[in-house]
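Colleague: I'm new to this one. Can you walk me through it?

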Amino acid sequence: MTPFDPVALPGSNNPDMTDHVSGIALRANAFGWWRIATVLPAALTSGLIGSILYLFFAGVGIWGIDWPVAWGFAIINYVWWIAIASGGTFISALFFLTRSEWRNSINRIAESMTLFGAACAGIYPILHLGRPWFFYWLFPYPNTMDLWPQFRSPLLWDFFAILTYVTSSVMFWYLGLLPDLATLRDRAPTRGKQVVYGVMALGFRGTSSQWRHYRVLYGVLAAIMAPLVCSVHSIVGLDFAGAATVGWHSTMYPPFFIFGAFLSGFATVLLLIIPMRRLLRLERYITGRHLDVMGRLLLTSSLFVGYAYIMDAFNTYYGGEKAEITMFQEKLFGYYAGIYWATVLFNVLLPQLLWFAAIRLNELVVALVSIGVIVGMWCERFTIVVVSLHRPRLPSAYGLYHATIWDWLTMLGTVGFFVFGILLVVRLIPVISMFEMREILAPRRP
Amino acid sequence: MAAIFSPAANLAAKLGLIGAAGLVLGGMSWWWLWPRTDYVRHNSWFVEQPVPFSHQHHVAGLGIDCRFCHTTVETAGDAGMPPTYTCMTCHSQVWTNAAMLAPVRESLANNTPIPWRRVTDLPDYVYFNHKIHIAKGVGCESCHGTMQDMPLSQKARSLTMGFCLNCHRDPAPNLRPPEAIYDTDWQRTPDTPSPAALAQQYHVGGRTLTDCSICHR
């Protein structure tokens, strides 16, 4: 494996690739490892459902939130997940527009990651509402109260951005699946699978007029999705920057959040493709080139994030605002200091290993760095949300925050749900976009 | 290879799509219209009362003023429901043996209030004050309808937040001269002072009546 590997190893061709990839989805029985791997995520997902039901019954008082820290795990995890989701869109949409060939084999998994990441993210703001059954009040509809939402609040635009993003992600993901679903339909061994994949393929037969329409639509959606990543994450940043809270009220927040989105998204893609290429025998299509490119992207976004951390410190001390400095000192040396330094270690220092080509190709180290980044990004969100809120301007309002068992169950539940979703994708649909791979592979067996 | 789907599948798919679109449209219309129906708002609903009190008879027929029974309407947030003694002002003398009035006599004998049930009910999170509305020239009829025409009391207005805001956003046209406040038949005449003049007379305006805290405290 070298950084100079081609995007598919020599000798790869369309028939072999299609046989192999569609064979994974059409297997009669699941892999043994798949059965074992689904147990824990399924249990965690059940825990998620249970804790949500209990939350609806008992209210947000079961969480650790209180004054002054009224935004807790729900917001931390929301931002964390939506960041992870955004990285996937970056790969599937932006690098489609740049016609990067290495994207073709990891695009499906990146999009699926976006889909389930956004689903996990989308749960939290609704749970966070306290009265979740009124979530539709966020939507400006002609109601009997004659009330409109506050259009000047970023929180409202956050709702629009997320809604647009989730809807577009689902459409983009499904549209990208159509030709492959048609392939599965044509190869399905049983009548049941034929019908299910046939219905899902929406009558895609691969005629030239269908392809013509398909390519236009896919291109348009990709062109919409790429800027959406930025809009959705800028708005998430503005949710914070719009408040006059210590440490949040900064024009740097929108780009800072986008940097974080790239970092966590690339890390998650790496963490997914590394085991997958081995377990599903995809080494031929996910090569050293892919690991190298993703490693470089991870390193680059890590440098961006590092820059944002430095500017965060610089702005605080250059600005000289007393409350800001107090809060920042607290961040560096206070009760939650460990979490801040973990953020710096995992997001900035550890990824510097990726300067070395040998390390970028060492799957174990890259996986560990990626896990570190995912943990680090969570720590970053924790620091942003909790540390700022626990040191407001008035010393009389200082307070601490501790998560409860329900916070953890909900959080681990979404992790389980995410993994469960990815495992379902692995089981039921082609994990590699076959029709896009056909564009770069040899058409026939040698 | 045999075809997976018969030609009928095309029709089924189209019907499915049309059905889905119909569901979405129907759902949205329902969402929009349903809360506005009289049924949901309990508009024109009668409420079962311990005694079938007729405002039509007492107000239109006998000419009793609203304030004879609802004594605190000018001085307190609550308009006040009459104690049994008020009923007995007359009914200790007239219809003393009417079966319909048995609960009133029992109430007096047992010294327990008559459990009247509220017809025009606002949610508990709304702070409504009768006194200020009367003092600023809002007539009873604006919210309660033509009570003197009701043999049994019924809710006359939707009382949605939109209904309240409709007036709070522009109160002037709904103001009436002091002598017309309790007149449920009152109509604006050419002699009536203009809405602007009334607003000035009552010192209405200069304060944002649509602030949340005006009604939600």
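Modeller: Start with a term: two residues are in contact if their C-beta atoms, placed from the backbone, lie within 7 Å. Also, this is a predicted model, where local features need pLDDT of at least 70, side-chain atom pairs count only at pLDDT 80 or more, and totals for chains, interfaces and linings use all residues. Residues are numbered from 1 along each chain as its sequence is written, while chains are lettered from A and ligands numbered from 1 in the order in which they are written.

Colleague: How many residues does the contact take from chain A and from chain B?

Modeller: Nine from chain A and nine from chain B.

Colleague: Which helix gives the most to the side of chain A that touches chain B?

Modeller: Helix 6 of chain A, residues 191-200, with three residues. Helices (H or I, at least four residues) and strands (E, at least two) are DSSP runs, numbered from the N terminus.

Colleague: And by class, what does that side of chain A have?

Modeller: Four nonpolar, three polar and two charged residues. Here Ala, Val, Leu, Ile, Met, Phe, Trp, Tyr, Cys and Pro count as nonpolar, Asp, Glu, Lys and Arg as charged, and the others, Gly among them, as polar.

Colleague: What does the model score for ipTM and pTM?

Modeller: ipTM is 0.75 and pTM is 0.89. For chain B, the mean pLDDT is 92, and 100% of its residues reach 70 or more. pLDDT is the predictor's confidence in each residue, from 0 to 100.

Colleague: Where in chain B is confidence lowest, and where highest?

Modeller: Lowest in helix 2 of chain B (residues 38-41), at a mean of 91. Highest in helix 7 of chain B (residues 130-135), at 95.

Colleague: Chain A next. How many helices and strands?

Modeller: Chain A comes to 15 helices and zero strands. Its radius of gyration is 23 Å, close to the 22 Å that the globule rule gives for 446 residues, so chain A is as compact as a globular protein of that length. That radius is taken over C-alpha atoms, and the rule is 2.2 Å times the number of residues to the power 0.38.

Colleague: What share of chain A counts as buried?

Modeller: 45% of the 446 residues. Buried needs 20 or more other C-beta atoms within 10 Å of a residue's own, exposed means 12 or fewer, and partly exposed is in between, with C-beta atoms placed from the backbone.

Colleague: And chain B, how many helices and strands there?

Modeller: Eleven helices and zero strands. A compact globule of 217 residues would have a radius of gyration near 17 Å, but chain B has 25 Å. Its C-alpha atoms fill a box of roughly 95 × 50 × 35 Å, taken along the principal axes. Buried residues make up 15% of chain B.

Colleague: Back to chain A. How do helix 3 and helix 8 cross?

Modeller: The axes of helix 3 (residues 73-97) and helix 8 (residues 253-279) of chain A come within 6 Å and cross at roughly 80°. The two helices are therefore roughly perpendicular, a label for angles of 65 to 115 degrees, with under 35 roughly parallel, over 145 roughly antiparallel and the rest oblique. Axes are lines fitted to C-alpha atoms, for helices over the stretch in contact, and angles run from 0 to 180 degrees between N-to-C directions.

Colleague: Which residues make that contact?

Modeller: On helix 3 of chain A they include A:Gly87, A:Gly88 and A:Phe90. On helix 8 of chain A they include A:Gly260, A:Ser264 and A:Gly265. The residues of this contact divide into eight nonpolar, seven polar and no charged.
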